[in-house]
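Hello,

Here is the structure I promised to pass on. Please look through it first; my notes follow below.

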Amino acid sequence: MQWRIKPVLPVTKLMGAVAVVVLAAAFGGVDPVRWGIAAVAAAGLLVWTLRDLLAPVRLAADPSGVTVVAGFARRRHLPWSAIERVRVDSRTHRGLRSETLELDAGDAIYVFSANDLGALPDEVATALADLRATPA
């Protein structure tokens, strides 16, 4: 099983980078500060898009364990014995509810949002629990 980002996310980020450049061209004139801010924002969005294209699969699981994306695009395999806890953290802030999937591997905690997984964290946690329960 594997969970990947929604394909619309890198497209949206790329469109955001283009929009920043277009807005800078429309309203920046010859002001180097505005162009500098626009360049930094567009570059940040492009790097973020590049990460989505290089590592679209954020979480993969099989009977031997899970593979997670660590850092920019590096993958790390964790055997089931290394995973201490899998839980869904639900928070409400200013009327908005957000859920994240947390994998506690002792030395590190890996956090995935619904956008990272392309599915609801509750569904992924249930699938991981079922997979973990099956004998290897």
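Helices (H or I, at least four residues) and strands (E, at least two) are DSSP runs, numbered from the N terminus. This is a predicted model, where local features need pLDDT of at least 70, side-chain atom pairs count only at pLDDT 80 or more, and totals for chains, interfaces and linings use all residues. Residues are numbered from 1 along each chain as its sequence is written, and side-chain values use heavy atoms, with hydrogens and water left out.

Helix α2

Start with T49, which sits in helix α2. T49 is buried, at a relative accessible area of 5%. Buried means under 20% relative accessible area, exposed over 50%, and partly exposed in between (1.4 Å probe, protein chains only). Leaving out residues up to four places away in sequence, T49 touches P10, K13 and L14. Contact here means heavy atoms within 4.5 Å.

An α-helix has 3.6 residues a turn, so residues three or four places apart point the same way.

The length of α2 (residues 32–54) checks out. Its 23 residues should span 33 Å at 1.5 Å a residue, and the end C-alpha atoms are 32 Å apart, which agrees. The expected span is 1.5 Å times one less than the number of residues.

At the start of α2, a side-chain oxygen of D31 comes to within 3.2 Å of the backbone nitrogen of V33. D31 also forms a salt bridge with R34 (3.6 Å, N to O). A salt bridge is a side-chain nitrogen of Lys or Arg within 4 Å of a carboxyl oxygen of Asp or Glu. Both partners are partly exposed: D31 at 29% relative accessibility, R34 at 48%.

How many salt bridges does a search of the whole structure find? The count is 9.

D107 and R76 make one of them, at 3.4 Å, N to O. That pair links distant parts of the chain: D107 lies in the loop between β6 and β7 (109–113), R76 in strand β4 (residues 74–79), 31 residues apart. D107 is exposed, with a relative accessible area of 60%. R76 is partly exposed, at 27%.

E99 and R97 make another, with their closest N and O atoms 2.6 Å apart. Salt bridges that share partners also join K13, D52, R58 and D116 into one network.

E99 belongs to strand β6 (residues 96–104). Is E99 buried or exposed? E99 is buried, with a relative accessible area of 16%. Beyond residues up to four places away in sequence, E99 touches V88, D89, S90, S113, A114, P121 and D122.

Nonpolar patch

L14, V18, V22 and L46 make a nonpolar surface patch of about 340 Å². Patches are made of residues with over 30% relative accessible area and no salt bridge: like charges are joined within 9 Å, nonpolar side chains (Val, Leu, Ile, Met, Phe, Trp, Tyr) within 5 Å. Areas come from the Shrake-Rupley method with a 1.4 Å probe; for residues, only the protein chains shown count as cover.

Helix α1 (residues 8–27) gives the most to the patch, with 3 residues. L14 lies in α1. L14 counts as partly exposed, at 42% relative accessibility. L14 is also one of the residues that T49 touches.

Best wishes

Notes
A polar contact is a pair of N or O atoms within 3.5 Å; within protein, one must be able to donate a hydrogen and the other to accept it, and residues adjacent in sequence count only if both atoms are side-chain atoms.
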